[in-house]
Amino acid sequence: MPCMDRLFAPWRIEWVTREDSGADIDGCPFCVLPEREDAREALVVAESEHAFTLLNNYPYNPGHVMVIPRPHTGAYTDLSGDVLADHARLKQRTMTALETAFGAEGFNVGLNLGDASGGSVDDHLHTHVVPRWAGDTNFMPVCSDTKVIVQALEESYEQLHEAFDEQPGTTRLDSGSVFIGE
Ligand SMILES: [Zn+2]
């Protein structure tokens, strides 16, 4: 039995490069990914002026995303008022999309800040938003092979993308991600 129950510690398994993805990242992934031409490939689902929503490459639960302010900083106190407000608003919209797409019944929302916090990308802050369901003690992809993880990610992307698309005041960017206006 290769799978074991795990503690609920989604913050410790953040952005991890899939070896087979062919997506070599040169530099900070959270600066590089939103600039990619193909948002689907980059797993960028939605964007706003100062932030974007990225599907976690190694999700704890289906729909596990990170809402990331665009400025490259690991210090929450560095964020300007505009960025803070926009980031918070995108978190709201992301939770709404997760409810629509997956019927999420609850969320764990959190930041790892500083070396001591246990995060793996600590120089560009990012808020994890993990959808929860009553009794969701298991997480399939952790116990599965890479092919299954990729399929699960593609399906999650489609569902979440559609849910964002349905929200009011959204447009499509050339990359394919959903832009959330005012
Ligand atoms: Zn960065």
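**Strand pairing and burial in the sheet**

In strand β5, the residue that forms the bridge partner of Val67 is Thr127. The structure is a predicted model, for which local features require a pLDDT of at least 70 and side-chain atom pairs are counted only at pLDDT 80 or more, while totals for chains, interfaces and linings use all residues. Residues are numbered from 1 along each chain as its sequence is written.

Strand β3 (residues 65-69) is largely enclosed by the rest of the structure, because 5 of its 5 residues are buried, a residue being buried if 20 or more other C-beta atoms, placed from the backbone, lie within 10 Å of its own. Both faces of β3 are covered, with Val65, Val67 and Pro69 buried on one side and Met66 and Ile68 buried on the other.

In the sheet as a whole, 7 strands are arranged in the order β4-β5-β3-β2-β1-β7-β6, and the sheet is open with mixed pairing. Its edge strands, each pairing on one side only, are β4 (106-111) and β6 (170-172). Strand β6 runs antiparallel to β7 (residues 178-180), to which 3 bridges join it, and Thr170 has Ile180 in β7 as its bridge partner.

Definitions and conventions. Pairing = 2+ DSSP bridges. Helix = DSSP H or I, 4+ residues; strand = E, 2+ residues; numbered from the N terminus. Buried ≥ 20, exposed ≤ 12 C-beta atoms within 10 Å, placed from the backbone.
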